[in-house]
Amino acid sequence: MNASIRKTLCTNSGTTILSENGRDWSPSSLLAWAANVRQAVRGTREDIVPIAVHSPAFLLACLLGLWRSKKAPILLDPSILDEIHLDSIPEAGRVLLAEEGVQINRQVQRVPRAGTPMPYIAIPDDDELALVFLTSGSTGKPKLVPKTFSQFRRQMRVEPAFLGVPQAPSVLSMVPPFHILGFMYGTFLPLISCGRAIFCGNATPYGWAKAITRFRPHLVVGVPAHYRLLAQVAQTPFPPAIYLCSGGPLPTDCEASFTEVCKQSITQVYGSTENGGIAIRREGGPWQPFPELTWRIAGGGREGRLEVMSPWQQTPNRWTPTDDLARQEGDQVLILGRLDSVIKIGGRRLSLQEILSVAQEHPDVEEAIVLPYERYAEQAVALFACPKKDRQLAPWELKSFLGQRLAKYKLPRTVRVLEALPTTSIGKIDRQRLLSTLR
């Protein structure tokens, strides 16, 4: 892998290895930016440097420049940076790096692009820290997830081959690089395989569709919201590729619409920032664990918390609990949803996933989410839904639909219909924003 990175960056210096929203980057231009990153952190003592990154080119420059300085970046989403208190991250240094032109309402160290290319590339040793993700998962509580270089190396040795990704692939990512999906497949995979990365995260759905048709990539990376929107705007079938989806459950109707309109199937990846890739599913089939990964139900029962063991976990080859509920059925494992989707109201347990599944059966519901919240010091449930295009949907109608299919105690206390569900910068439903409307 080290040799592949050096080959990508040290040969054919004028070749385009990254296309980002219409701009092409060569190894020489990236190494010039990396040299400026190294200069910007010269003299700092901290090993972890915060970077505000929505540009994959800036991320690569920071990786190379910081690795050369024996440091690692912590990846921060610029769109929510003003909500993040660096003082609450004691491991991170006080120097915040950002590219020119990024508008942030705080003191930052700008890193210019032009300069003399960095002549020497340093790659971390296997046990050395490579970078740190800041993730909120589904709980909304920020959490640092450090990754060593060996975790990336081991994961990339297994996953691309299992997915069928060819050598030296071109990868088009709609997911930003500060998210693990956009980093692993959209940035790191092309870097280590002498391929080409194509980012169009700032584009509209029409721009994503145009880029897929123009570049004809081997691999397309997105989350469910991307594929839902692509199915709405696509005018012709898409070229053959591996269309990868992660970051949340892919609704059945979303997958069906994409397949019908775009004439391509979607490969779902199940995993987490902490545990890496766990399993894949194609065309609604069973979940298949990645090679070298094993899974089991905690306690040996038929249903319970899912545990996994793989070489690329933070603690390799030890049983590690996930936050998901699973059920063993024969030689298959069914993922039932997050453990925190089971709550107790009035002494009775109910599943948020069950309520969501029933809501999604309504013929006029395009997308929905079920969230727990506190109402008058008691636990309650809220359902947010948006209608399909050119359809009408009333809250009372949806609640009546649920009442015919669910026990009374399972009915949501609050049902709201919105034109569209708000999303975060990576396309996930913004849970915190929805919950703030209930206060």
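In which order do the strands of the open sheet of 3 strands lie?

## Basis of the model

This is a predicted model, in which local features need pLDDT of at least 70 and side-chain atom pairs count only at pLDDT 80 or more, while totals for chains, interfaces and linings use all residues. Residues are numbered from 1 along each chain as its sequence is written, and side-chain values use heavy atoms, with hydrogens and water left out.

The order is 22-23-24, with mixed pairing; strands are DSSP runs of E of at least two residues, helices are runs of H or I of at least four, both numbered from the N terminus, and two strands pair if DSSP finds at least two bridges between them. Strand 22 (365–375) and strand 24 (414–417) are the edge strands; each has a single partner strand, so one side of each lacks a neighbour in the sheet. On average, neighbouring strands here are turned by 20° against each other, direction ignored (axes are lines fitted to C-alpha atoms, for helices over the stretch in contact, and angles run from 0 to 180 degrees between N-to-C directions).

Strand 23 (residues 378–387) runs parallel to strand 24 and is joined to it by 4 bridges. Leucine 383 has valine 415 of strand 24 as its bridge partner. Helix 9 (residues 352–359) packs on this sheet and touches strand 22 and strand 23, contact meaning heavy atoms within 4.5 Å. The direction of helix 9 makes about 150° with that of strand 22.

Another open sheet, of 4 strands, has the order 16-17-18-19 and antiparallel pairing. Its edges are strand 16 (294–297) and strand 19 (332–338); each has a single partner strand, so one side of each is left without a neighbour in the sheet. The twist from one strand to the next averages 45°.

Between strand 16 and strand 17 (residues 303–309), 4 bridges form an antiparallel pair. Isoleucine 297 has leucine 306 in strand 17 as its bridge partner.

## The second largest pocket

The second largest pocket has a volume of about 750 Å³. A pocket is an open set of points on a 1 Å grid over the protein atoms alone, where a 1.4 Å probe fits, with protein on both sides within 12 Å along at least five of seven lines; lining residues have an atom within 4 Å of a point. Points are joined across faces, edges and corners, and the volume is the space filled by probe spheres set on them.

Its lining comprises 36 residues, of which Trp208, Ala225, Leu229, Thr423 and Gly427 lie nearest the centre. Helix 7 supplies the largest share, 5 residues.
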